[in-house]
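We will go stop by stop.

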Amino acid sequence: MITAPARPRKGRYYFDRAAETMPREELERLQLKRLRAMLKNAYTNVPLHRRRMDATRVEPRDIRTLTDLRALHFTEKSDLRDHYPFGMFARPREKVVRVHASSGTTGKPTVVGYTANDISTWADLMARTMACAGARPGDVIHNAYGYGLFTGGLGAHYGAERLGATVVPMSGGNAERQILLMQDFGARVLCATPSYALAIAEVAEKQGIDLRRSKLEIGVFGAEPCSEAMRKELDERLGIKAVDIYGLSEIIGPGVAAECDARDGLHGWEDHFLFELVDPDTGRPVPEGEAGELVITTLTKEALPMIRYRTRDITCLTRERCGCGRSHVRIRRITGRSDDMLIIRGVNVYPSQVESVLVGMPDIAPHYQLVVERDGSLDRMTIEVEAAPAVAAETYSRVAAAVGHHIKSMIGVTVDVKVKAPGEIPRSQGKAVRVRDLRPKGE
Ligand SMILES: [Zn+2]
């Protein structure tokens with residue numbers, strides 16, 4: 001009989017202990033060394049960065065401390081679009097072994113590129129991310145992130161392999177088949193968007209399958225903001241520990257930050273990225289502990305070095321020591337992107353705020369869509385929710401009134417609420433569509 005290799009389940013496990021627990025002084029020395037090399041690469045090889053550095057009269061050799069970084073220009077998503085497709089690459093196209101692209105809601109996608117070294121770095125970072133979330137070598141990792149131009153699928157795939165797990169490359173869609181293979185192959189880890197994980201949970205329940213009794217223990221969830229309420233829902237319905245991971249294709253893809261088992265902020269991998277928070281309006285740094293827009297500088301990317309990238313994600317940072325032993329900064333879970341903010345009758349509303357109020361309310365299922373329309377000069381929002389299966393149709397108007405009242409008292413905004421029958425809200429096949437924006441375009 002062949003015995004399985006011992007699984008390092010008990011006690012502390014790190015994919016890269018030396019890097020993850022590196023003392024801060026040493027970490028900062030490494031960051032500065034890598035920052036200077038990255039800036040040289042960007043200045044020499046990317047005309048946009050050279051032009052902007054020349055305009056601000058800052059050259060790579062002027063950067064002598066990490067705070068000197070603040071003298072440098074920002075980079076934005078529109079820069080990638082303006083230099084579509086390969087204009088921001090710091091390597092000739094022949095040295096770029098892979099491209100990914102994000103679907104833009106308007107116009108051209110943003111294209112990102114990787115050298116062979118970049119792909120290897122990414123695999124290491126995703127392996128580290130998975131291990132931080134609780135995955136271990138030898139696990140069966142069921143990967144339901146979409147494969148293709150989206151970075152989620154292949155990012156998780158390479159990371160799971162690098163960790164030494166058995167990866168099941170499912171991609172999204174066909175929840176019945178996902179459930180069958182998760183059970184038959186004995187998946188311990190599910191990688192998916194939170195909305196798709198919820199869709200899987202629902203289909204399993206309909207089939208009379210209790211995934212809480214399967215081998216599934218951990219959900220590695222990312223690519224969408226997920227409220228604490230939704231996390232609790234996923235924990236309970238799948239019988240797992242749902243762990244949040246963070247990343248964006250412009251920086252590398254998933255693998256930028258991950259929660260540890262404390263689930264108290266996501267460790268941002270500081271040996272490969274520099275994290276800053278700025279005031280989204282002025283671009284000035286905000287003090288530690290205060291909320292601001294997350295700005296990320298890559299330290300090791302070859303093909304697409306990124307200087308002070310504006311993520312539009314609003315969060316807080318803490319460098320307090322974490323119980324897991326990792327020394328890397330923690331990013332508070334991201335609940336809203338400044339791009340996603342809606343202004344409804346003068347009140348700023350993030351879709352994720354609505355989610356945290358809705359999920360867990362009695363009489364409704366955790367499926368919703370926000371419909372935004374123009375009403376004269378103001379925006380109006382209708383929240384479409386779904387009745388829980390046991391709720392009688394005659395009581396929908398009462399449920400709608402209760403939801404509207406609850407939203408008003410928790411978020412301070414008046415909304416219309418439409419209660420739909422079970423199954424009427426479209427289910428996520430990957431990335432959920434939470435907002436249907438029916439306002440006239442081009443205003
Ligand atoms: Zn930790």
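How are the donor residues of the zinc ion spaced in sequence? The spacing is C-x6-H-x54-C-x1-C. Before you look, note that this is a predicted model, where local features need pLDDT of at least 70, side-chain atom pairs count only at pLDDT 80 or more, and totals for chains, interfaces and linings use all residues. Residues are numbered from 1 along each chain as its sequence is written, and side-chain values use heavy atoms, with hydrogens and water left out.

**Stop 1: the zinc ion**

Select Cys260, His267, Cys322 and Cys324. They coordinate the zinc ion through SG, NE2, SG and SG, in that order, at 2.1 to 2.3 Å. Donors are N, O and S atoms within 2.8 Å of the metal (3.2 Å for Na, K and Ca); water is not among the atoms, so sites may look incomplete. The angles among the four donor atoms run from 99 to 115 degrees, and the site is tetrahedral. For four donors, that term requires all angles to lie between 85 and 135 degrees.

Now trace the chain. Cys260 sits in the loop between strand E8 (253-259) and strand E9 (266-268), and Cys322 in the loop between strand E13 (317-318) and strand E14 (330-331), so this pair ties together parts 62 residues apart in sequence. Helices (H or I, at least four residues) and strands (E, at least two) are DSSP runs, numbered from the N terminus.

Are Cys260 and Cys322 buried or exposed? Cys260 is buried at 1% relative accessibility. Cys322 is buried too, at 7%. Buried means under 20% relative accessible area, exposed over 50%, and partly exposed in between (1.4 Å probe, protein chains only).

**Stop 2: helix H8**

Select residues 194-206. At 1.5 Å a residue, the 13 residues of H8 should span 18 Å; the end C-alpha atoms are 19 Å apart, which agrees. The expected span is 1.5 Å times one less than the number of residues.

Ten of the 13 residues in H8 are buried. Among them are Pro194, Tyr196 and Glu202. What do the buried residues pack against? Show helix H7 (175-185), strand E5 (189-192), strand E6 (218-221), helix H9 (228-238) and strand E18 (364-375). Contact means heavy atoms within 4.5 Å. Just after H8, find Gly208, with a positive phi of about 75 degrees.

**Stop 3: a residue in H9**

Select Asp235, which is found in helix H9. Asp235 counts as buried, at 15% relative accessibility. Leaving out residues up to four places away in sequence, Asp235 touches Ile240, Lys241, Ala242 and Arg263.

**Stop 4: rings and charges**

Select Tyr114 and Trp122. Their ring centres are 4.8 Å apart and their planes lie at 10 degrees, so the pair is stacked. Rings of Phe, Tyr and Trp (its six-membered ring) pair if their centres lie within 6.5 Å; planes under 30 degrees apart count as stacked, over 60 as edge-to-face and the rest as tilted. Both Tyr114 and Trp122 are buried.

Lys301 lies over the face of Tyr114, 5.7 Å from the ring centre. Then find Arg98, whose charged end sits over the ring of Tyr158, 4.7 Å from its centre. The rule asks for NZ of Lys or CZ of Arg within 6 Å of the ring centre and within 35 degrees of the ring normal.

**Stop 5: Val97**

Select Val97, in the loop between helix H4 (77-82) and E1. Val97 counts as exposed, at 53% relative accessibility. Not counting residues up to four places away in sequence, Val97 touches Tyr114, Thr115, Ala116 and Ile119.

Terms used: Four donors count as tetrahedral if all angles lie between 85 and 135 degrees; four count as square planar and six as octahedral if opposite donors are over 155 degrees apart and all others between 65 and 115; anything else is irregular.
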